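The entries follow the order in which I looked things up.

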Amino acid sequence: MSESAASPKPSDAAKLLAWAQLTRLNDLVAKLIASNAFYQRKFEDAGITGPFESLADFTARMPFTTKEELVADQEAQPPFGTNLTYPLNTYTRYCATSGTTGTPLQVLDTSGSWDWMLANWKRGLTEAKILPNDRLYFAFSFGPFLGFWTSFDAASGGPGLCIPGGGASSHSRLKAMQRVGATVLMATPTYALRLAEVAAEKNFDLSSIPLRKIIVAGEPGGCLPAVRELLSSKWNGATVIDHHGMTEVGPVTFQRAGEPTWLRVMQERYVAEILDPETNQPVAEGEVGELILTPLGRSAYPLLRYRTRDLVRKRLDPRAPDSAVGLILDGGILGRTDNMIIVRGVNLYPSAIEQVVRETPDIAEFLVHLRRDGTLDDLTLHIEPSPNTDGAATAKLLADRLEQAFALRINVEVKDSLPRYEMKAQRWAT
């Protein structure tokens, strides 16, 4: 077979992906029609009785699923609600959302659905080029959050040696990383920075840890150039790799070498839409919209057209055989629909503010105080300067840089200390 005959035409690649997505979607829908009470009600309300003719038919007729209705369902049918496709005694894993934006959502999985999510995480680890002689240190406490468990379980299948770091102080974790010779750190961006801060406080030599990669997840930031550069500089040049997922939908994206600000959606495993949150219409390439996800292999806890509330910038890969098979989140997760604010006519995303803060030297931590007065938003930044620095000068420099970036004067106040976080940071307060 010739090379030209072996390579699918661009239109063929797009058609093949759409066919695979639709086939998996309709297999999932058939299971839900048969035995999932939550979606049986949604299908009945929408007049859906069988398979979808196309992905366009699916997005036109299938209503969204929201976290609010899932939580309400669990409150009405405690403890786990009705979004369960199989008998309860077949479920083997329990996870829950953090509850930072409301009541925690409890999520159950069978071994089959769990294995499907592990395969997603393994794709990210493969792209990160984890090697058999790597030693992966997991610097989190293994609470009920899905990302911690799926990452550890996926990595435990190799390559590399996995070391859990739960139940230890930050200083103890640093000593453990030194003792085992950790080469890969798994953490949130915030906590990876916190470990470096503790090392400085304890006069701990980070160069004694042979770290070569930091894989960050659990919160936005890993795609921000300033965050990546700061992390790498603190950890002696380690490469930073981002990843994104949610307890509700599982691991969604991965990052390739040489693409530090891109997250690639695993489209063969998800139907992904990026919609204007106000009009619910698809956004054009380069525009920001809300990420809507349908996992195609998690039948135990299914979600059809789930509103993630995550804001992303749509990009299509120009190097893919067909741009329709290369969906990219440019800049990673920019923020959430409930955190995007408009201050004096200027749209502000949390990621954009963090980029400016992290570019400014001598800031140990920051906190954004948002004040809403009717339809008007305003905010103040609280900063904790690094030790032995001029706080007033740092605050003025940051205020000047924020004004330059956004054509907006934002008040910056110096605080003696601000909270530290081991897992997800909560830097937006009202």
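Entry 1: I started with the largest cavity, and it holds about 50 Å³ of space. I was working on a predicted model throughout. How many cavities of 30 Å³ or more does the structure hold? I found 1.

Next I listed the residues that line the largest cavity. They are W121, G124, L125, A128, I215, I241, D242, H243, F254 and Q255. Two elements give two or more residues each to this lining: α6, residues 111–127, and β7, residues 239–242. Helix α6 has the largest share, with 3 residues. I then sorted the lining of the largest cavity by class. I noted 6 nonpolar, 3 polar and 1 charged residues.

**Entry 2: the sheet.** β7 had come up in the cavity lining, and I followed it into its sheet. The sheet is open and has 5 strands, in the order β4-β3-β5-β6-β7. The pairing is parallel. Which strands stand at the edges? I noted β4 (161–164) and β7 there. Each has a single partner strand, so one side of each is left without a neighbour in the sheet. From one strand to the next, the twist averages 20°.

I looked at one pair more closely. β3, residues 135–138, pairs with β4 over 4 bridges, in the parallel sense. Within that pair I looked up L136, and its bridge partner in β4 is C162.

I found helix α8, residues 170–180, across β3, β4 and β5 (184–187). Relative to β3, α8 runs at about 170°.

**Entry 3: the second largest pocket.** I moved on to the second largest pocket and noted a volume of about 530 Å³. It is lined by 26 residues. Which of them are closest to its centre? I wrote down E197, K234, I363, A364 and S386.

I also asked which elements build the lining of this pocket. At least two residues each come from α9 (189–201), α10 (225–234), α11 (350–359), β17 (363–373) and β18 (376–385). Helix α9 gives the most, with 8 residues. By class, the lining of the second largest pocket divides into 13 nonpolar, 3 polar and 10 charged residues.

**Entry 4: side by side.** The largest cavity has 1 charged residue in its lining, and the second largest pocket has 10. Helix α6 leads in the cavity lining, and helix α9 leads in the pocket lining.

Methods:
Residues are numbered from 1 along each chain as its sequence is written. This is a predicted model: local features need pLDDT of at least 70, side-chain atom pairs count only at pLDDT 80 or more; totals for chains, interfaces and linings use all residues. Side-chain values use heavy atoms; hydrogens and water are left out. On a 1 Å grid over the protein atoms alone, a cavity is a set of points where a 1.4 Å probe fits but cannot get out, and a pocket is an open set with protein on both sides within 12 Å along at least five of seven lines; lining residues have an atom within 4 Å of a point. Grid points are joined across faces, edges and corners, and a volume is the space filled by probe spheres set on the points. Ala, Val, Leu, Ile, Met, Phe, Trp, Tyr, Cys and Pro count as nonpolar, Asp, Glu, Lys and Arg as charged, and the others, Gly among them, as polar. Two strands pair if DSSP finds at least two bridges between them. Axes are lines fitted to C-alpha atoms, for helices over the stretch in contact, and angles run from 0 to 180 degrees between N-to-C directions. Contact means heavy atoms within 4.5 Å.
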